Amino acid sequence: MNVALIGYGKMGRMVEDVCRAQTDIRIAGIVDEGHLPSLSRVASPDVAIDFSHPDNLLALLAAALEMQVPLVLGTTGLSAAQEESIREASRQIPIVRTQNFSVGVTVMRRIAAEMAAALGEEFDIEITETHHRQKVDAPSGTAKMLLRAVDPQGGHAPRYGREGMVGARGREIGVHSLRGGTVAGEHSVRFFGEQEELELRHRADSRRIFAVGAVKAARFVRQQPAGLYDMDDVLFGGR
């Protein structure tokens with residue numbers, strides 16, 4: 001499998017390490033400053049894995065559509081318009097798009113959705129995420145993914161932190177971001193009921209788990225028809 005790497009920062013290098021450790025994968029090219037200028041300059045890529053910058057997205061989609069190259073998109077901080085561009089492109093090529101490639105987080109998201117549905121309105125929900133001091137966006141894409149999982153219809157107002165005389169809790173879900181040190185990523189979903197509390201928590205000790213998941217997604221998407229997929233599809237095989 002010939003893999004094009006889009007972006008050569010910490011995650012891009014980690015994906016490269018995971019790929020080079022496997023005998024059936026070849027790095028076909030790296031698109032980044034100091035390397036190739038675009039996907040169109042990569043020779044015969046079977047799939048492209050993107051951990052770069054939101055500003056690169058439209059050019060990447062255009063090249064992938066022209067070359068009919070499947071995509072694995074891991075860049076965070078995309079706008080609503082950019083997400084719509086991904087949906088449009090997925091009508092012509094297969095794309096795996098997720099906010100978190102961790103196998104554990106994928107399972108956590110599914111369990112959190114089932115817990116929220118079972119517990120119902122009698123339980124209040126709060127989401128907390130912690131990341132290293134260099135992370136530029138907040139809340140994390142994974143926190144947003146968990147929010148959608150526990151409130152798929154968007155019936156609760158998200159509260160991104162609280163300050164001042166906020167009054168009694170309403171129909172809301174709190175989403176809180178912590179930043180510091182070198183934390184690779186930690187997420188928790190807490191369910192508060194009368195006289196009881198449940199918590200789901202996932203901690204990443206290394207970003208390597210995201211690179212492993214991205215390569216797993218690349219193997220998956222290469223075999224799929226056009227469409228928009230996520231890690232649920234990669235792990236559980238269903239749309």
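Modeller: Let us start with Thr-142, which is found in helix α5; helices here are DSSP runs of H or I with at least four residues, strands are E runs of at least two, and both are numbered from the N terminus. This is a predicted model, where local features need pLDDT of at least 70, side-chain atom pairs count only at pLDDT 80 or more, and totals for chains, interfaces and linings use all residues. Residues are numbered from 1 along each chain as its sequence is written, and side-chain values use heavy atoms, with hydrogens and water left out.

Colleague: Why does Thr-142 count as buried?
Modeller: Buried means under 20% relative accessible area, with exposed over 50% and partly exposed in between (1.4 Å probe, protein chains only). Thr-142 has 4% relative accessibility, so it counts as buried.

Colleague: And what is Thr-142 in contact with, leaving aside its neighbours within four places in sequence?
Modeller: Thr-142 is in contact with Gln-99, Asn-100, Val-105 and His-187, where contact means heavy atoms within 4.5 Å. Val-105 is itself one of the buried residues in α4.

Colleague: What do the buried residues of α4 pack against?
Modeller: They pack against β6 (124-131), α5 (141-150), β9 (185-193), β10 (196-204) and α7 (231-236).

Colleague: How do you know that the span of α4 agrees with its number of residues?
Modeller: The expected span is 1.5 Å times one less than the number of residues. For the 17 residues of α4 (residues 103-119) that should give 24 Å, and the end C-alpha atoms are 24 Å apart, which agrees. Helix α6 (residues 208-221), with 14 residues, reaches 20 Å from first to last C-alpha, close to the 20 Å expected.

Colleague: What makes α2 roughly parallel to α3?
Modeller: Helix α2 (residues 57-67) and helix α3 (residues 80-89) pack at about 5°, their axes 11 Å apart. That angle makes α2 roughly parallel to α3. Angles under 35 degrees count as roughly parallel, over 145 as roughly antiparallel, 65 to 115 as roughly perpendicular and the rest as oblique. Axes are lines fitted to C-alpha atoms, for helices over the stretch in contact, and angles run from 0 to 180 degrees between N-to-C directions.

Colleague: Which residues of α2 and α3 meet there?
Modeller: Leu-57, Leu-58, Leu-61 and Leu-65 in α2 meet Gln-82, Ser-85, Ile-86 and Ala-89 in α3.

Colleague: Why are β2 and β11 said to stand at the edges?
Modeller: The open sheet of six strands runs in the order β2-β1-β3-β4-β5-β11, with parallel pairing. β2 (26-31) and β11 (227-229) each have a single partner strand, so one side of each is left without a neighbour in the sheet. The twist averages 20° from one strand to the next.

Colleague: How do you know that β3 and β4 pair?
Modeller: Two strands pair if DSSP finds at least two bridges between them. Three bridges join β3 (residues 47-50) to β4 (residues 71-73), and these strands run parallel.

Colleague: In what sense do β9 and β10 pair, and over how many bridges?
Modeller: They pair in the antiparallel sense over nine bridges, and Val-189 stands opposite Leu-200 in β10. β9 and β10 form a hairpin with two residues between them, and Gln-195 in the turn has a positive phi of about 65°.

Colleague: Where does β10 stand in the open sheet of five strands?
Modeller: That sheet has the order β7-β8-β6-β9-β10, with mixed pairing. β7 (157-159) and β10 stand at its edges, each with a single partner strand.
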